[in-house]
Amino acid sequence: MTPSQFANYRAIILGDPTCLGPPTTSDVDAAAANARTWGPVINGNIVIVGTDPVYHAGQGGDTVTRRGIDFAIDQVGKTGAYITLSCYYHDTAPNTPVPLLDGIGGGGFTVTGVGCYNDAHIVAESPALAGLSDSDISNWSCSVHEALQSWPGGLVPLAIARDFDSSFTASDGTQGPPYILAGGNIRSFPLSLTPLDDSAPIGGSHTVTAQILDGVTRAPLPNARLGFRVTDGPNLGVTGACLPLSCITGSNGEIAWTYTSNGTAGSDTIQTFYDQNGNGFADVGEPQTSAGMQWTTAPSSGPKYVAFGDSITTGQSVATCEENLAVSPWRCSGPLPGTPYPDQVAAALGYTYSDDQSFYSQFFPSPGFPSVDLDRVGIWGEKVADAERAYLAGSDQEGPWKPQFAAVEQAQELVTGELGIDDLRFSDPGIWVGRYLKDQLQPFGGSRVRDHARELLAQQAGALDQMFESIAVARANGARAVIVLVYNPLPPPGGIPGNLDKSCPDAYNIAQTLVGVINEELTTRTNTARLLLADPRPAFTGHEIGTGDPYVYGTSCSLVKAAASFIPSWVPFIGGGGFNEVKQAFDPHPNSEGSAVIADSILEVLR
Ligand SMILES: [Ca+2]
């Protein structure tokens with residue numbers, strides 16, 4: 001199942017199979033195998049139980065199960081979780097990781113066996129254990145099978161194995177490792193923190209508010225000195241500020257504490273403690289509790305729409321591409337003969353954009369940029385290998401403009417694009433003629449073209465990984481991402497009635513093989529990453545090179561003519577005269593109509 005399928009459920013329940021284990025059961029092992037798929041989906045109430053309430057149904061366990069499941073499903077439109085560890089970790093060694101929980105709240109749970117422990121104590125208020133008292137959950141023989149030693153900051157101990165050890169001091173000052181954790185609708189008592197969990201882009205500040213109550217009267221406790229610290233995560237040990245500055249509570253029993261992210265993404269655990277002895281440390285026995293904070297890499301501002309890719313994206317044609325790397329990140333300067341598809345998508349979605357090609361050439365890597373909604377960063381002839389190299393270097397090889405993948409990571413609302421077809425030497429008719437055409441004429445023609453294309457593609461697996469990782473960053477910003485499949489610009493055999501050029505079917509077959517290999521790869525990766533896929537290929541049918549109403553600039557599918565020109569690439573030969581005419585005749589780039597149908601294929605999947 002995919003994350004979105006898990007997210008359709010009201011709760012994920014991994015119940016107690018009546019004290020099985022150790023070891024774990026096959027059902028739980030199956031859940032552990034894809035813990036990072038379903039775990040991050042959980043955004044509702046969570047309860048994690050380190051015992052076997054089903055076995056003890058008659059001793060209060062039935063209520064624990066019912067309350068826990070009611071709690072998990074309580075938030076409409078969210079996915080909660082009720083998970084028991086049953087007896088899987090009974091008598092296990094200290095600090096044993098729990099792979100089953102790796103996807104929850106940033107992961108990092110460890111447990112220890114506690115023998116057969118019977119002194120259970122509730123240390124927070126939550127519907128997850130509503131109506132139950134310490135005596136209801138104690139003396140089950142055994143009440144506790146395993147206790148937690150580490151867990152993400154957004155979860156709060158609900159019940160502890162009191163006095164098993166002094167590894168943890170609860171919000172009421174009692175000691176012992178927790179064996180029931182909860183997240184969501186829970187408030188530790190009498191010392192609590194809000195918000196219990198939050199997230200924000202790196203670099204910002206975050207404020208938590210602690211409140212301490214009188215454990216008996218429940219009235220706010222004044223004159224209490226509270227301490228704060230980040231005990232785990234990227235901002236471990238950070239200095240923050242209290243309000244009031246003294247960190248001593250007033251009549252409302254509250255202190256706010258603010259700290260600033262150091263710019264590293266990750267999950268912080270923020271602790272507050274009642275510093276009863278005033279030594280600035282959280283001593284054993286001083287009430288303490290914690291909250292979680294997720295720092296994300298999402299920038300606080302960036303373009304709404306980033307369009308990456310190769311020359312299909314740039315809007316140029318062979319005829320108008322005046323190669324000038326000094327001034328143009330699109331690799332071509334000069335007027336655009338057609339409207340690039342990203343501009344058409346932007347217009348349809350109401351994004352503002354600039355037609356001024358000089359604008360991107362002045363685009364240095366600057367976090368403050370840009371002021372327009374569309375950042376069209378496709379580069380003529382760009383390979384995914386080029387894009388990866390530029391990204392890793394932090395600057396483009398050919399100019400001062402921002403690497404495409406760095407731009408992708410800033411997208412706030414939408415990313416579109418594709419790369420990779422040029423890695424297969426699609427724009428290199430020299431290899432078509434020198435290698436592919438020859439192979440095409442072999443028995444079982446085409447398979448060697450495909451094998452070679454796959455070989456070339458396999459060499460770029462890491463670059464494609466980077467492309468999809470950068471898209472994942474944009475996804476974390478909240479952007480949608482659409483991968484655009486590559487069309488075949490050449491007419492199929494018989495596509496041009498009366499066409500007598502015998503090389504056209506070979507040219508078509510070679511192109512079809514190359515396009516097929518990259519599209520297969522892009523489709524697999526797009527589906528794995530759960531992105532959207534736009535397929536403009538059907539719209540190009542009947543509008544290929546040489547047809548009456550072409551959506552591309554080329555006019556001839558004659559590979560023989562292209563061969564005759566010994567074309568090194570689609571970029572025009574400077575001062576090339578007749579060579580340029582042949583290249584123009586074979587030009588595969590989309591004209592305005594071609595760009596329009598690509599734009600339509602994107603808009604269709606966004607609806
Ligand atoms: Ca202290």
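This is a predicted model: local features need pLDDT of at least 70, side-chain atom pairs count only at pLDDT 80 or more; totals for chains, interfaces and linings use all residues.
Me: At what angle do helix H12 and helix H14 pack?
Reply: Two packed helices are described by the angle between their axes and the distance between the axes. Helix H12 covers residues 447-458 and helix H14 covers residues 504-528, and their axes lie 9 Å apart. The crossing of H12 and H14 is right-handed, and the angle at which they pack is about 40°.

Me: How many nonpolar residues are there in the contact of H12 with H14?
Reply: On the H12 side the contact involves Val449, Arg450, Ala453, Arg454 and Leu457, which meet Ile510, Thr513, Leu514, Val517, Ile518 and Glu521 in H14. Sorted by class, the contact of H12 with H14 has 3 charged residues and 1 polar residue, and the number of nonpolar residues is 7.

Me: Which helices do the buried residues of H9 pack against?
Reply: Helix H9 spans residues 384-393, and its buried residues are Val384, Asp386, Ala387, Glu388, Ala390 and Tyr391. Just after H9 comes Gly394, which takes a positive phi of about 85°. The buried residues of H9 pack against helix H10 (404-408) and helix H13 (461-477).

Me: What covers the buried residues of H18?
Reply: Helix H18, residues 592-606, has 15 residues and reaches 21 Å from its first C-alpha to its last, close to the 21 Å expected at 1.5 Å a residue. The buried residues of H18 are Gly594, Ser595, Val597, Ile598, Ala599, Ser601 and Ile602. What covers these residues includes strand S24 (414-417), strand S25 (480-484), strand S26 (532-534), helix H7 (341-349) and helix H15 (537-540).

Me: Is Leu155 buried or exposed?
Reply: Leu155 is found in the loop between strand S8 (144-150) and strand S9 (156-161). Not counting residues up to four places away in sequence, Leu155 touches Ile46, Gly105, Leu181, Ala182 and Gly183. A residue is buried if 20 or more other C-beta atoms lie within 10 Å of its own; Leu155 has 27 other C-beta atoms within 10 Å, so Leu155 is buried.

Me: How many residues of S8 are buried, and which residue in S8 is the bridge partner of Thr112?
Reply: Strand S5 (residues 110-117) and S8 run antiparallel and are joined by 5 bridges. S8 is mostly covered, with 5 of its 7 residues buried. The bridge partner of Thr112 in S8 is Ala147.

Me: Which residue in S18 stands opposite Asp232?
Reply: Strands of a sheet pair through backbone hydrogen bonds, either parallel or antiparallel. S15 and strand S18 (residues 266-274) run antiparallel, and 6 bridges join them. In S18, the residue opposite Asp232 is Thr269.

Me: Is Asn223 buried or exposed?
Reply: Asn223 is found in the loop between strand S14 (205-212) and S15, and although it is not a glycine, Asn223 has a positive phi of about 60°. Asn223 has 9 C-beta neighbours inside 10 Å, so Asn223 counts as exposed.

Me: What is the phi of Cys247?
Reply: Cys247 lies in the loop between strand S16 (241-243) and strand S17 (254-260). With 19 C-beta neighbours inside 10 Å, Cys247 counts as partly exposed. Cys247 is a residue other than glycine with a positive phi, and its value is near 65°.

Technical notes: Residues are numbered from 1 along each chain as its sequence is written. Axes are lines fitted to C-alpha atoms, for helices over the stretch in contact, and angles run from 0 to 180 degrees between N-to-C directions. Helices (H or I, at least four residues) and strands (E, at least two) are DSSP runs, numbered from the N terminus. A crossing is left-handed if the near helix is turned anticlockwise from the far one by less than a right angle, and right-handed if clockwise. Two residues are in contact if their C-beta atoms, placed from the backbone, lie within 7 Å. Ala, Val, Leu, Ile, Met, Phe, Trp, Tyr, Cys and Pro count as nonpolar, Asp, Glu, Lys and Arg as charged, and the others, Gly among them, as polar. A residue is buried if 20 or more other C-beta atoms lie within 10 Å of its own, exposed if 12 or fewer, and partly exposed in between; C-beta atoms are placed from the backbone. The expected span of a helix is 1.5 Å times one less than its number of residues. Two strands pair if DSSP finds at least two bridges between them.
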